Amino acid sequence: MAHSREDPTVAHPQVFTLHWEGPDRVTLPVEPGFPDSPDEGQQTARSERERERREAARGGRARALWDQIRREALERGDPALWSRKLDAYWWVKLAARGNAGEYARGHDLNHATVRTWISDVARVAYEVGYQLHEDKLLLVGRAPAGLRRLRELVNRAAASQAAWQELRTQEAGFRGSDPYFHLNEGHVLRARGRLRESDATLREGLTIAEAPPIRTLLWNARGQTFWDCGPDSRWAIVQHLELAERCFRRAVLLDPC
């Protein structure tokens with residue numbers, strides 16, 4: 001049955017709309033780790049304090065090292081000349097303000113002269129670094145029972161016949177399986193001037209060493225071996241100082257303290 005729009009018998013339904021504003025507004029806790037959370041602020045503060053501590057330690061070591069370089073450099077002949085060399089080295093290498101050419105132009109000097117100065121100071125820096133490493137990274141700490149006697153002899157006199165004989169006695173039981181054996185052998189061979197063999201056994205030790213402390217000692221020993229590979233050695237290497245520095249840097253990365 002059809003109805004017209006004007007038919008009063010037709011009841012039109014009422015339409016109700018529901019508007020929900022959600023739950024009462026409350027201050028919800030900020031999730032840990034989210035930006036601006038209390039935890040994040042504390043973590044940031046801790047990280048910043050740790051960074052400042054590391055920077056201060058590095059800065060202290062750097063100042064001590066630089067003071068030692070300066071002292072040793074100024075003792076080598078003309079102090080005034082060495083002061084100029086030190087200034088060039090600092091400007092280029094440590095302050096990183098530019099290269100040798102820029103320093104030469106700014107100070108009205110010959111480019112080749114400045115490069116020579118920087119090389120001279122770098123040589124002193126390597127010597128100081130070498131001595132620091134040699135003094136710090138001795139054959140200490142834990143060692144297998146069979147190698148303790150060998151370590152004592154190497155620490156006492158690595159080039160001695162007693163150290164050599166003990167090395168040969170322990171060889172069958174430890175070669176290729178214990179990096180501490182290769183560390184001791186590297187020092188003995190280096191002390192006897194057998195530098196190529198010293199580096200070979202230290203490299204073999206690195207292939208089986210996993211713990212950072214022993215890897216530090218092996219890299220440091222390689223640096224000492226390369227340091228000795230000068231023109232008068234049996235294994236003369238032109239870039240022996242550069243190779244030594246790389247090894248010392250690897251040792252520091254593994255054990256920076």
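The crossing of helices H7 and H8 is left-handed, a crossing being called left-handed if the near helix is turned anticlockwise from the far one by less than a right angle, and right-handed if clockwise. The structure is a predicted model, in which local features need pLDDT of at least 70 and side-chain atom pairs count only at pLDDT 80 or more, whereas totals for chains, interfaces and linings use all residues. Residues are numbered from 1 along each chain as its sequence is written, and side-chain values use heavy atoms, with hydrogens and water left out.

The axes of H7 (residues 179-191) and H8 come within 8 Å and cross at roughly 165 degrees, where axes are lines fitted to C-alpha atoms, for helices over the stretch in contact, and angles run from 0 to 180 degrees between N-to-C directions. H7 and H8 are therefore roughly antiparallel to each other, given that angles under 35 degrees count as roughly parallel, over 145 as roughly antiparallel, 65 to 115 as roughly perpendicular and the rest as oblique. On the H7 side, the residues that make this contact include Gly 186, Leu 189 and Arg 190, and on the H8 side they include Ser 198, Thr 201 and Leu 202; contact here means heavy atoms within 4.5 Å.

H7 also meets two other helices. Its axis and that of H6 (residues 161-174) come within 11 Å and cross at roughly 150 degrees, which makes H6 roughly antiparallel to H7. Among the residues in this contact are Trp 164, Leu 167 and Phe 174 of H6, together with Phe 181, Val 188 and Leu 189 of H7. The crossing of H6 and H7 is left-handed. With H9, by contrast, the axis of H7 comes within 10 Å and the crossing angle is roughly 15 degrees, and H7 and H9 are therefore roughly parallel to each other. This crossing of H7 and H9 is also described as left-handed, and the residues that make the contact include Tyr 180, Leu 183 and His 187 of H7 and Ile 214, Leu 218 and Thr 225 of H9.

Helix H9 (residues 212-227) has 16 residues and reaches 22 Å from its first C-alpha to its last, close to the 22 Å expected at 1.5 Å a residue, the expected span of a helix being 1.5 Å times one less than its number of residues. Because 14 of the 16 residues of H9 are buried, this helix is largely enclosed by the rest of the structure; buried means under 20% relative accessible area, exposed over 50%, and partly exposed in between (1.4 Å probe, protein chains only).

Ser 198 counts as buried, at 0% relative accessibility, and, when residues up to four places away in sequence are not counted, Ser 198 touches Gly 186, Leu 189, Arg 190 and Thr 225. Asp 199, which is likewise placed in H8, is buried with a relative accessible area of 3%. Leaving aside neighbours within four places in sequence, Asp 199 is in contact with Arg 222, Thr 225, Phe 226 and Trp 235, while the C-alpha atoms of Asp 199 and Trp 219, 20 residues apart along the chain, are separated by 9.9 Å.

Asp 108 lies in the loop between helix H3 (100-106) and helix H4 (111-136), and is exposed, with a relative accessible area of 73%. Its phi is near 55 degrees, a positive value in a residue other than glycine. Most residues other than glycine have a negative phi.

Taken as a whole, the chain contains 10 helices and zero strands, where helices (H or I, at least four residues) and strands (E, at least two) are DSSP runs, numbered from the N terminus. Of its 257 residues, 35% count as buried, and among contacts between residues at least 6 apart in sequence, 55% join residues at least 24 apart. The chain exposes about 17,000 Å², of which carbon and sulfur atoms supply 52%; accessible areas come from the Shrake-Rupley method with a 1.4 Å probe, and for residues only the protein chains shown count as cover.
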